[in-house]
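Have the sequence and the model at hand, and follow along with me.

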Amino acid sequence: MATGGAVKAPVPPTRRYVFDEDEELELQSETLAKELGLRRTTARVLVRRGVRDLDSAHSYLKPHLGSLLDPSEMADFPRAVTRLADAVCRNERCGVFGDYDVDGITAAAVIAEILGDLGQTPEVRLASRDHGYGLTPRDIKAFEEAGCTLVVACDVGSGDHAALRAAVEANIDVVVLDHHQMPENAPPAYALVNPGRPGCPFPFHDMASVGVTFYVAAALRTELISRDFFNEKRPAPNVTDLLDLVAVGTIADVVPLAGLNRIMVRAGLDRINALKRPGLRFLARLAGLQAGPPAISVKDIAFRLAPRLNAAGRLGNAKPALQLLTERETNEAWRCALALDGRNRQRQRLQEDVYTSALEMVEKGGVGEAVHVLASEDWHPGVVGIVASKLAEQFGRPAVVISMSDGEGRGSVRTFGGINIYEALSATRQHLVTFGGHAAAAGLTVKQSNLPALTEALDAAITAQIARLGGVGDTVGVDSCTTLARVDEALVDELESIQPCGEGNPEPMLLADPVVVVESRLVGNGHLRLKIADPEGDTVHEVIGFGMGHRIPDPQSRLRVVFVPEHNTYRGKTSIQLRLLDLGPSQDDG
């Protein structure tokens, strides 16, 4: 049994930040800068993200909902919408089922809310860690007993064969709205809407399930308009009111913030910052967020709101998170927010215990080389995913963290450096009871007796991937070289038009070399605070390096720094701050 103790977390592997002096890229940047009237630095950031002409630049810098693609090419999409519209018009009893993570909860909230606006009172259920992954025959039985003839399954279903066979036997039609990678043989759903489904002609495959669900909700409204369903007493709902849920679920699920996702998240952030949904307003308050400035950002959602919403499903029943998102009565919404905040604090304590125990296991060895496979009967299953993410970042390799019970374990897998976890698990499926997920993250169930074989097979599969990739990706490309004098209000304003940034659409990263350290000190819990200047001393900027206290430089040293320029608001005053990503000795000989 692994026990907690004073184990020091390892320093994460150092990433190499490199600047690519590509002549063609420079020419494209210069042309785009002139055409748009932007700084060369901003244009270079755009070109590095594939934005190389005026049309794509306007679409990227001003994303709007009118640019969303027609979903009719999505496999089974028209069939799903028609079946939902029929159920609404016939007043059938409908069920809604969602996974217990934020994507699944927000997707279930979108469908439950649109059905409620259409006069339905759907039977809503969420997955439970206690009963295994996804939609189960037990859930189908519950929907049958509730009199449901149609069930909409959100963020689950693509691999839930047993449940969907049970639905066929119970004469329940199941519409699956999902985004997870699918096995080759599709389950017997009435309609299976998944952009990543093999053979699906829809060109964008990276939506979260809540994005797919929003598309269905919008199309359902359009279909009902064509059937003259709405009138003065029953007006058509405004589906854009659901985009705050779409933004939260999309950000929390760490799908690429590009293409359709970026359009929906940009629109959703506007609604989140309006704080009209009572539950989100109160949860934001408890997380220390409020109506701006500064505006609630992608990072705020990812690191302050999403963990609180996830806490319910991690530690037990996820229903309180769903209730918070759909509750319109303010007193009840406040109670839900308080409950979720309390669960999040409990989750943090459990997470720290499991993380410390996992570090001890790694130090002892025997947990794999190319991948760390860790298991214990003492670990709460609700926090293994977060711990796996931390370990992957700390050690620079994928991590599998498993909670064992009665000879069987359920665990989470997180990747590092571009390794495809789903591919690796597929190659080792003979050692697993079940698995599912996508390239960056997955879940699995394994017999305890198979753990040694699984560790060996996964290690071999990932080692083969690393060889094929030519190594683990620890090199990051910097967007542009600059001087501190060029980092002014105008540039920061331009670069903020790149938002929302996140997975697949990284924040602008700039490099300055040389700079001189004017002042250096430690602040908070191991953070680095600097003042740096250009060699002439004409321009001085404040710098914050989160978690970089172990790399504190000497005053007057000459450095090469990589940073994200941003606005920082403190006590009502907004100024430029450089968020440090990397620092080292200057490479400039001048």
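Which residues does His179 touch, not counting residues up to four places away in sequence? I found Asp103, Asp155, Asn194, Met207, Ala208, Ser209, Asp253, Val255 and His438, where contact means heavy atoms within 4.5 Å.

A note on what I am reading: this is a predicted model, in which local features need pLDDT of at least 70 and side-chain atom pairs count only at pLDDT 80 or more, while totals for chains, interfaces and linings use all residues. Residues are numbered from 1 along each chain as its sequence is written, and side-chain values use heavy atoms, with hydrogens and water left out.

I placed His179 in the loop between strand E5 (173-177) and strand E6 (191-193). Helices (H or I, at least four residues) and strands (E, at least two) are DSSP runs, numbered from the N terminus. His179 has a relative accessible area of 10%, so I list it as buried; the terms are buried under 20% relative accessible area, exposed over 50%, and partly exposed in between (1.4 Å probe, protein chains only). A polar atom of the His179 side chain lies 3.2 Å from the backbone oxygen of Met207.

Next I looked up Ser158, in the loop between strand E4 (150-154) and helix H7 (161-169). Ser158 counts as buried because its relative accessibility is 2%. Its side chain makes polar contacts with the side chains of Asp178 (2.7 Å) and Asn194 (3.0 Å). A polar contact is a pair of N or O atoms within 3.5 Å; within protein, one must be able to donate a hydrogen and the other to accept it, and residues adjacent in sequence count only if both atoms are side-chain atoms. Leaving aside neighbours within four places in sequence, the contacts of Ser158 include Val176, His180, Met182 and Leu192.

**Entry: the nonpolar cores**

Which residues touch the most other members of the largest nonpolar core? They are Leu135, Val174 and Leu309, in a core of 107 residues. Such a core is a set of buried Ala, Val, Leu, Ile, Met, Phe, Trp, Tyr and Cys residues joined through side-chain atoms within 4.5 Å. Helix H5 (residues 102-117) gives the most to this core, with ten residues. I also noted a second, separate core of 35 residues, with Tyr60, Ala512, Val515 and Ile532 among them.

Back at Val174, I listed its contacts beyond four places in sequence, including Leu135, Ile140, Leu164 and Tyr190.

**Entry: helices and a loop**

Helix H13 (residues 319-326) has Pro320, Ala321, Leu322, Leu324 and Leu325 as its buried residues. These pack against H5, strand E3 (123-126), helix H9 (243-252), helix H11 (278-286), helix H12 (298-315) and helix H14 (330-364). Turning to H11, I saw that its buried residues pack against H9, H12, H13 and H14. Gly288 follows H11 and has a positive phi, near 80 degrees.

Phe230 sits in the loop between helix H8 (209-226) and H9. Why does Phe230 count as buried? Its relative accessibility is 18%. The C-alpha atoms of Phe230 and Leu118 are separated by 9.0 Å, though the two residues are 112 residues apart along the chain. Leu118 is also one of the residues in contact with Phe230.
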